[in-house]
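Look over the sequence and the structure before reading on.

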Amino acid sequence: MAETLAITFTPEEEGQRLDAALAGRIELGLSRSRIRQLIDEGLVTIAGRRTKPAQKVTAGEVAEMMLPAPEPMAAVAEEMPLDIVYEDNDLIVVNKQRGLVVHPAPGHRRGTLVNALLAHCPDLEEINSVIRPGIVHRLDKDTTGLLVVAKNARAYRSLVDQMRRRAIHRGYLTLVWGRPEAEAGKVISPIGRHPVDRKRMAVVESGRPAVTHFVVREELPNHSLLEVTLETGRTHQIRVHLAYIGHPVVADPVYGGRRNGFGLAGQALHAATLELTHPVSGRPLRFEAPLPADFTSVLERLRVDTGTGL
C-alpha cells in the first residue's frame with residue numbers, strides 16, 4: 001500500500017532546496033533523483049499545494065510525501081563471507097572489505113553487502129528501502145572498515161535518529177599526500193555535485209554544509225597518516241575535503257590526483273572506530289577494526305624509509 005509521510009523542516013534546513021533537504025533525510029532512504037521524480041508527479045505537497053524541486057524550504061514547514069507501494073524486493077540473498085565484528089537480535093556490525101559495494105545499484109545488482117546480509121539474516125526486515133534493508137549509513141566501495149546495519153524497524157529508527165543527532169561517532173584513518181601545516185584542523189566547505197562531471201562531488205558554493213576534522217597521527221616521507229572525524233555525512237566527504245586542502249587520499253582513483261598508489265586497489269581510507277548507543281538496551285557500544293593488510297604494508301614501507309620501521 002502507498003504510504004504518506006509528514007516531514008517537518010528544521011532550522012538547519014532553512015533555505016535549502018526542497019529536493020536537497022529531502023535527500024538529506026537519511027530516514028527516507030531516497031536518492032535526490034527519486035525525490036525529484038516524486039515532486040514532479042505531484043506526490044510531495046506543502047500546505048496542500050504542489051511543489052517544485054528548487055523551491056526553498058522554511059523551518060517548521062511540513063511537507064507531505066506520498067510513497068507508492070514498494071516494488072518487490074530487488075536484492076537477493078547470496079552466500080558470501082562477512083567479517084562480523086558484533087551481532088545481536090537488533091543490529092549487526094561488519095568490517096567491510098575493499099571492493100565490496102554496500103547495496104545494489106545499477107551495475108551492481110549482485111555481490112553487494114546487502115546480498116550477503118540477506119543470506120546471513122534470512123529474516124532481515126525490509127526497512128528503509130527494498131534494495132537497502134537495514135542500511136543506516138554507507139561506505140564507498142573501496143573504503144574499508146566498520147558499518148552498522150539494523151535488523152528490525154525499531155533498531156533502524158533509533159540508529160537513524162542517532163545519525164541525525166550526530167550521536168553515532170565514526171573515526172577514520174587515512175594516508176594522504178604531503179603534510180598539513182597544522183597538527184590538527186577542520187575543513188568547513190560545502191559539498192555538492194561537480195559542475196561538469198556529475199559523477200563526482202566537489203566543494204561548491206551551492207553545496208550542502210560539510211565539516212571534517214583531522215589530526216595528524218604520524219608524519220611519513222611525503223605523506224601523513226591522519227585520524228579523521230565527521231560532523232556531517234556528505235557523499236565522498238573525506239576524500240573531497242582532503243583533496244580540496246591539497247592533501248588527497250593515497251590511491252584515490254577519483255580525487256587522488258597522483259598515480260603512485262603503492263599497489264593499493266583503492267583509496268587508503270579506513271573506518272577504524274564506531275561508537276553508538278544500543279537501540280534497545282541503551283548501553284554504549286564501541287568497536288574497532290584494524291587496518292587492512294595492504295594499508296598496513298604501505299605504512300611499513302614508508303616507516304622503513306624514515307628509519308622508524310622494524
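Start with accessibility: a residue is called buried under 20% relative accessible area, exposed over 50%, and partly exposed in between. Glu 275 has 32% relative accessibility, so Glu 275 counts as partly exposed. Keep in mind that this is a predicted model.

**Salt bridges**

Glu 275 has a charged partner. Its side chain meets that of Arg 286 in a salt bridge, 3.5 Å from N to O. The pair links distant parts of the chain, with Glu 275 in strand S14 (residues 269–277) and Arg 286 in strand S15 (residues 284–288), 11 residues apart. Arg 286 is partly exposed too, at 46% relative accessibility.

Side chains of opposite charge can pair when their charged atoms come close. The model holds 16 salt bridges. One of them joins Asp 294 and Arg 98, at 3.0 Å from N to O. Asp 294 sits in helix H6 (residues 293–306), while Arg 98 sits in the loop between strand S6 (91–96) and helix H3 (113–120), so the pair ties together parts that are 196 residues apart in sequence. Is each partner buried or exposed, or in between? Asp 294 is partly exposed, with a relative accessible area of 29%. Arg 98 is buried, because its relative accessible area is 17%.

Another bridge runs between Arg 179 and Glu 219, whose closest N and O atoms are 3.6 Å apart. Arg 179 is in the loop between strand S8 (169–177) and strand S9 (184–188), and Glu 219 is in strand S12 (residues 211–220), so to speak 40 residues away. Arg 179 is partly exposed at 45%. Glu 219 is partly exposed at 40%.

| Pair | N to O distance |
|---|---|
| Asp 294 and Arg 98 | 3.0 Å |
| Arg 179 and Glu 219 | 3.6 Å |
| Glu 275 and Arg 286 | 3.5 Å |

Salt bridges can also join into a network. Arg 17, Asp 19, Arg 32 and Arg 36 are linked in this way.

**Nonpolar cores**

In soluble globular proteins, nonpolar side chains tend to be buried together. Here the largest nonpolar core has 40 residues. Which residues have the most contacts inside it? They are Leu 175 and Val 250. Leu 175 touches residues well beyond its sequence neighbours, including Leu 220, Leu 225, Pro 248, Val 250, Phe 295 and Leu 302.

**A buried threonine**

Thr 212 lies in strand S12. Thr 212 is buried, with a relative accessible area of 0%. Its side chain makes a polar contact of 2.7 Å with the side chain of His 241. Leaving aside neighbours within four places in sequence, Thr 212 also contacts Gly 185, Lys 186, Val 187, Val 228, Thr 229, Leu 230 and Gln 237.

**An exposed glycine**

Where is Gly 233? Gly 233 is in the loop between strand S13 (223–230) and helix H5 (237–244). Its relative accessibility is 54%, so Gly 233 counts as exposed. The C-alpha atoms of Gly 233 and Val 280 are separated by 24 Å, and the two residues are 47 residues apart along the chain.

How values were computed. Residues numbered from 1 in each chain as written. Predicted model: local features only at pLDDT ≥ 70, side-chain atom pairs only at ≥ 80, totals over all residues. Heavy atoms only, no water. Helix = DSSP H or I, 4+ residues; strand = E, 2+ residues; numbered from the N terminus. Buried < 20%, exposed > 50% of the residue type's maximum accessible area, 1.4 Å probe, protein only. Salt bridge = Lys/Arg side-chain N within 4 Å of Asp/Glu carboxyl O. Core = buried A, V, L, I, M, F, W, Y, C linked by side-chain atoms within 4.5 Å. Contact = heavy atoms within 4.5 Å. Polar contact = N/O pair within 3.5 Å; in protein donor to acceptor, adjacent residues only side chain to side chain.
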